[in-house]
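Dear colleague,

Please find below the structure that I am handing over to you. My notes on it follow directly after.

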Amino acid sequence: MKNIKDKIAFLGQPLVDEILEEGSIQEVPKSTEILRKDQYIKVIPFVIDGLVKVMSRFEERELLLYYIQPKESCVMSFSSGLYNKPSKVYAITEEDSTLLLLPVQKVNEWIKKYPKLNDLFYQQYNTRYTDLLVSIEHILINKMDKRLYDYLKEKARVTSNNEIKLTHSQIANELGTVREVISRVLKKLEIEELIKISPNTIEVL
């Protein structure tokens, strides 16, 4: 409990007390879907430890939108929950994660009562808007080699690990392409000495 108090202390003690009283803590294993597309939102996740990725699906293609790191929440869940709309995205834990689940009705009260929580979500909106613009730029302008290399660097950054354990198919799913393209471009990046490919690992150099 102390670890959780420390992680949300920046919100101020009165709000922290209410959050700990009304919210619930959940330990979620890696690769667990915590939010489904078209699901109505009852609780908004706040990441205490671990990492969550937010994805979108267009017909048969998937696309990674952004990561939710510790001390961050999901603005898409916040928006859908606030207006009682079905979610347009889905979210999966990238690592074993500790989540603080905040009831939507209480969050609606808290953002009016506590300016720091309102500021947090505004900051998150700004960050996610920038993330989405970068994603659009990658898709429309950048070639796949730059998209893939930037994706690998970002994955290494958010996980604090330069050794990435993903299959070519998993990477293709997150970048909205096919495995054959990813395999070909990974080989190109290895020749350029930007990465090193092992049987089960891709190392960002």
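**Helix α6**

Helix α6 covers residues 144–159, and its 16 residues should span 22 Å at 1.5 Å a residue; the end C-alpha atoms are 22 Å apart, so the expectation and the model agree. Please note that this is a predicted model. Several residues of α6 are buried, among them M144, R147, L148, Y149, D150 and Y151. After the helix comes S160, which has a positive phi, near 55°.

**The sheet**

An open sheet is formed by 3 strands in the order β1-β7-β3, with antiparallel pairing. Strands β1 (24–28) and β3 are at the edges with a single partner strand each, and therefore one side of each has no neighbour in the sheet. From one strand to the next, the twist averages 30°. Between β3 and β7 (residues 97–103), the antiparallel pairing extends over 6 bridges, and I44 stands opposite L102 in β7. Helix α4 (residues 104–113) lies across β3 and β7 and runs at about 75° to β7.

**Residue I48**

I48 is part of strand β3 (residues 43–49). Is I48 buried or exposed? Its relative accessibility is 0%, and because buried means under 20%, I48 counts as buried. Apart from neighbours within four places in sequence, the residues in contact with I48 are N3, I4, K7, I8, P70, T98 and L100. By contrast, A172 is 124 residues from I48 in sequence and 29 Å from I48 in space, C-alpha to C-alpha.

With kind regards

Definitions and conventions:
Residues are numbered from 1 along each chain as its sequence is written. This is a predicted model: local features need pLDDT of at least 70, side-chain atom pairs count only at pLDDT 80 or more; totals for chains, interfaces and linings use all residues. Side-chain values use heavy atoms; hydrogens and water are left out. Helices (H or I, at least four residues) and strands (E, at least two) are DSSP runs, numbered from the N terminus. Buried means under 20% relative accessible area, exposed over 50%, partly exposed in between (1.4 Å probe, protein chains only). Contact means heavy atoms within 4.5 Å. The expected span of a helix is 1.5 Å times one less than its number of residues. Two strands pair if DSSP finds at least two bridges between them. Axes are lines fitted to C-alpha atoms, for helices over the stretch in contact, and angles run from 0 to 180 degrees between N-to-C directions.
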